[in-house]
Amino acid sequence: MALLDLLGRTWALGILWNLRSTPATFRLLQQRCEHISPTLLNRRLQELQQAQLVDKGEQGYQLSPLGHELLHLILPMGQWAQHWASQLQQGACDV
């Protein structure tokens, strides 16, 4: 439940998603996250670092090994969500 609580917080998943391929500085990550407020971004980064999902390296923030592992588990959920959205949309067209 602790993981779901953390991931359910505003922008937590978005930050992980935006770090999936390359590290990012604070400013670049803020731009990638549609100009999230600096206060909220800082808070989420601290929480994700405490949870050992994000590290801060020479190139900026990046997924930790645990963060990569988690993202690998979440990706199939994204694929399922796209299928689900398609099914919902088809159901709406049938009405």
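Is Lys-56 buried or exposed? The model on display is a predicted one, and the tour begins by selecting this residue. Lys-56 is exposed, because its relative accessible area is 57% and the cut-off for that class is over 50%.

Keep Lys-56 selected and show its surroundings. The residue belongs to strand E1, which covers residues 54-57. Apart from neighbours within four places in sequence, Lys-56 is in contact with Gln-49 and Tyr-61.

Proceed to Gln-52, in the loop that runs between helix H4 (38-50) and E1. Most residues other than glycine have a negative phi. Gln-52, although not a glycine, has a positive phi near 65°.

Trp-11 is placed in the loop between helix H1 (2-7) and helix H2 (12-18). With a relative accessibility of 27%, Trp-11 counts as partly exposed.

The last stop is helix H5, residues 65-94. Select Trp-80 and Trp-84 there and display their side chains. The model contains 1 aromatic pair. Trp-80 and Trp-84 form that pair, which is stacked, with 5.5 Å from centre to centre and 15° between the planes. The two residues are 4 apart in helix H5, so about one helical turn separates them. Trp-84 itself is partly exposed, at 44% relative accessibility.

Notes: Residues numbered from 1 in each chain as written. Predicted model: local features only at pLDDT ≥ 70, side-chain atom pairs only at ≥ 80, totals over all residues. Heavy atoms only, no water. Buried < 20%, exposed > 50% of the residue type's maximum accessible area, 1.4 Å probe, protein only. Contact = heavy atoms within 4.5 Å. Phe/Tyr/Trp six-rings, centres within 6.5 Å; stacked < 30°, edge-to-face > 60°.
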